[in-house]
Amino acid sequence: MRPWRLFPALLALWSACAGSIPETAATPAVTGTGRWWFAVDELTVSDRPTPAALPVLRKLCQQLEERQIELILLPVPLRAEICASRRITSLFPPDREGTAWSRSTAAAALCGEAAPTVDLLPAMRRDPEPENWYCRSDSHWSPALVQLAARETAAIIRSQPWYRNETRVDFPAQLAEIIFTGDLAAAAGVENAPESQTVRRIEGNTADKNAPILLIGDSHALIFSTGGDMLSTNAGLAEQLAYELGLPVERLANRGSGGSAVWQQVYRRGRRDPEWLQNKKVVIWCFSVRELLCTDATWQDIPVPEKINQQLELK
């Protein structure tokens with residue numbers, strides 16, 4: 001039998017077990033327990049990180065170090081793995097005993113071999129209810145995990161010599177409750193699945209194209225920040241970093257892949273503005289662990305823009 005003939009049957013099985021999956025859904029999803037939803041593509045990733053990612057990340061780290069810019073990697077642990085207790089075990093069995101969070105652990109270790117890495121797992125393990133770190137109906141991390149990531153990342157940056165010489169600002173903050181139906185519930189065909197989260201909205205000019213800190217990443221760098229389907233404004237990772245550090249942050253993010261695709265944006269921006277990266281001290285690269293568990297094509301070698309290289313080498 002040709003393998004692709006099985007695909008309609010699999011979709012029918014998912015539909016019977018977990019509710020219908022719209023043909024037009026950008027991210028097909030299935031229902032878990034307790035009104036949780038999971039993206040099918042996150043439930044079917046590889047057991048191990050792709051080996052193509054390590055040399056790409058190492059080379060980029062070296063190129064940035066040569067220009068006195070530090071690369072900090074921020075891998076977001078796999079939601080479906082951390083919240084395994086909410087999955088339908090008959091359809092997607094939980095991890096075997098002793099291997100819980102193994103994919104996220106392996107991904108953090110790979111990142112640590114390439115560059116300074118924010119490993120969120122130790123702090124996350126201290127919470128007896130790990131589901132608190134993610135949204136129930138949405139594919140992204142919760143505001144609590146965003147704030148934890150900002151604190152852990154800020155601790156690394158505060159130790160750098162240049163930071164002590166920066167003029168810092170106190171950004172006001174205010175808590176607010178948001179109610180939403182996330183992208184996974186919508187992808188599963190559920191139009192009304194209200195979920196409540198408490199965000200910390202940061203006030204003031206937290207964004208600046210001349211900021212010493214550049215945040216790049218996938219949609220985890222946009223959630224709670226840009227409004228609309230990103231659920232809130234002024235409460236995302238960039239704003240939380242600005243709040244923790246007292247410094248503005250520039251952000252360049254990609255709603256799709258957080259692999260090499262987002263660095264292509266950096267490359268194009270650098271070619272248009274050769275002086276741009278000269279103001280940067282730190283590049284924070286935030287992406288889902290899922291990006292490390294995908295095909296090798298996700299990670300392609302893209303250099304620091306040539307014009308920037310030439311400008312800096314003349315100094």
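E81 is buried, with a relative accessible area of 2%, where buried means under 20% relative accessible area, exposed means over 50% and partly exposed lies in between, computed with a 1.4 Å probe on protein chains only. This is a predicted model, in which local features need pLDDT of at least 70 and side-chain atom pairs count only at pLDDT 80 or more, while totals for chains, interfaces and linings use all residues. Residues are numbered from 1 along each chain as its sequence is written, and side-chain values use heavy atoms, with hydrogens and water left out.

The side chain of E81 meets that of R103 in a salt bridge of 3.8 Å, N to O, a salt bridge being a side-chain nitrogen of Lys or Arg within 4 Å of a carboxyl oxygen of Asp or Glu. The pair links distant parts of the chain, since E81 belongs to helix α4 and R103 to helix α5, 22 residues apart; helices (H or I, at least four residues) and strands (E, at least two) are DSSP runs, numbered from the N terminus. R103 also counts as buried, at 16% relative accessibility, and D47 joins E81 and R103 in a network of salt bridges.

Helix α5 itself covers residues 102–114, has 13 residues and reaches 19 Å from its first C-alpha to its last, close to the 18 Å expected at 1.5 Å a residue, the expected span being 1.5 Å times one less than the number of residues. Its buried residues are R103, S104, A107, A108, L110, C111 and A114. They lie on the same side of α5, because they cover an arc of only 160 degrees around the axis, the arc being that of the directions from the helix axis to the C-beta atoms. Against these buried residues pack α3 (53–65), β3 (70–76), α4 (79–82), α6 (121–125) and β8 (282–288), where contact means heavy atoms within 4.5 Å.

L292 is found in the loop between β8 and α11 (306–313), and L292 is buried, with a relative accessible area of 0%. Leaving aside neighbours within four places in sequence, L292 is in contact with R48, P49, T50, A53, A107, L110, C111, F287 and W299. L292 and S104 are 188 residues apart in sequence, yet 9.4 Å apart in space, C-alpha to C-alpha.

Helix α7 (residues 143–158) has 16 residues and reaches 22 Å from its first C-alpha to its last, close to the 22 Å expected at 1.5 Å a residue. P143, L145, V146, Q147, L148, A149, A150, T153, A154 and I157 are the buried residues of α7, and what covers them includes β3, α6, β5, β6 (213–217), α9 (237–245) and β8.

Returning to charged side chains, the structure holds 12 salt bridges. One of them joins E244 and R200 at 3.3 Å, N to O; E244 lies in helix α9 and R200 in strand β5, so the pair ties together parts that are 44 residues apart in sequence. E244 is buried with a relative accessible area of 18%, and R200 is buried with 12%. R269 forms a salt bridge with E250, the closest N and O atoms being 3.0 Å apart, and this pair links R269 in helix α10 (residues 260–272) with E250 in strand β7 (residues 250–253), 19 residues apart. R269 is buried at 17% relative accessible area, and E250 counts as buried at 7%.

Not counting residues up to four places away in sequence, E195 touches C135, R136, S137, D138, I178, I179 and F180.

Two loop residues have backbone angles to check. R35, in the loop between β1 (29–31) and β2 (37–39), has a positive phi of about 60 degrees although R35 is not a glycine, and R35 is partly exposed, with a relative accessible area of 45%. Q68, found in the loop between α3 and β3, has a phi near 60 degrees, a positive value in a residue other than glycine, and Q68 is exposed, with a relative accessible area of 62%.
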